[in-house]
Amino acid sequence: MPPEPNDVRPYPALDEVDRAILTELAADGRLPNNALAERVGVAPSTCLTRTRVLRERGAIRGFHAEVDPAALGLPLQALVSVRLTAHERAAVDAFRARSVRLPGVVSVFHVAGAEDYVLHVRAASGDALRDFVLDHLAVDPVVQHTQTSLIFEQARGMG
């Protein structure tokens, strides 16, 4: 079972081959095992075993397709900063657990600074985004303040 997102795990046993596998998969998660094995210089069976172990240890968190949100009917994206009223572990953990299940939430970031969380949200329209904030965040008793920033453009980095 993969670790929880906030688990801090050292990876001291990763060698050059493991790191090469991770680097190649980060660049192209659809890379077939035979091609991956060739790129990192190991046999396909070795590559398959190492990839499975990396997944089990949580070094590989998953594979996904990057889909244009507009194709899903969700062309509007925003970052919603959230400041909590309480910072006890139970309240913070409960907010995180709730927020990742909210409709339209792509990612939840627990951050340092004036705000506690930043939610990456997709919505069908400005009205839908407003409704998301009012119906799910403004009514949450642990939410003290929200601030919404629209995303005009998103570009994926190499890291």
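**Exercise 1. Determine whether Y117 is buried or exposed, and identify its aromatic partner.**

Step 1. Y117 has a relative accessibility of 1% and therefore counts as buried; the classes are buried under 20% relative accessible area, exposed over 50% and partly exposed in between, with a 1.4 Å probe and protein chains only. The model is a predicted one, in which local features need pLDDT of at least 70 and side-chain atom pairs count only at pLDDT 80 or more, while totals for chains, interfaces and linings use all residues. Residues are numbered from 1 along each chain as its sequence is written, and side-chain values use heavy atoms, with hydrogens and water left out.

Step 2. Rings of Phe, Tyr and Trp (its six-membered ring) pair if their centres lie within 6.5 Å; planes under 30 degrees apart are stacked, over 60 edge-to-face, and the rest tilted.

Step 3. The ring centres of F95 and Y117 are 5.1 Å apart and the planes stand at 50°, so this pair is tilted.

Step 4. F95 belongs to helix α4 (residues 89-99) and Y117 to strand β3 (residues 117-123), so that the pair links distant parts of the chain, 22 residues apart. Helices (H or I, at least four residues) and strands (E, at least two) are DSSP runs numbered from the N terminus. F95 is also buried, at a relative accessible area of 1%.

**Exercise 2. Describe the salt bridges R52 with E56 and R89 with D93.**

Step 1. The closest N and O atoms of R52 and E56 are 3.1 Å apart. Both residues lie in helix α3 (residues 44-57), four residues apart, about one turn of the helix. R52 is partly exposed at 37%, and E56 is partly exposed at 47%.

Step 2. For R89 and D93 the closest N and O atoms are 3.9 Å apart. Both lie in helix α4, four residues apart, about one turn. R89 is exposed at 63%, whereas D93 is partly exposed at 28%.

**Exercise 3. Name the residues that are linked in a network of salt bridges.**

Solution. The network links D15, D18 and R50.

Notes: Salt bridge = Lys/Arg side-chain N within 4 Å of Asp/Glu carboxyl O.
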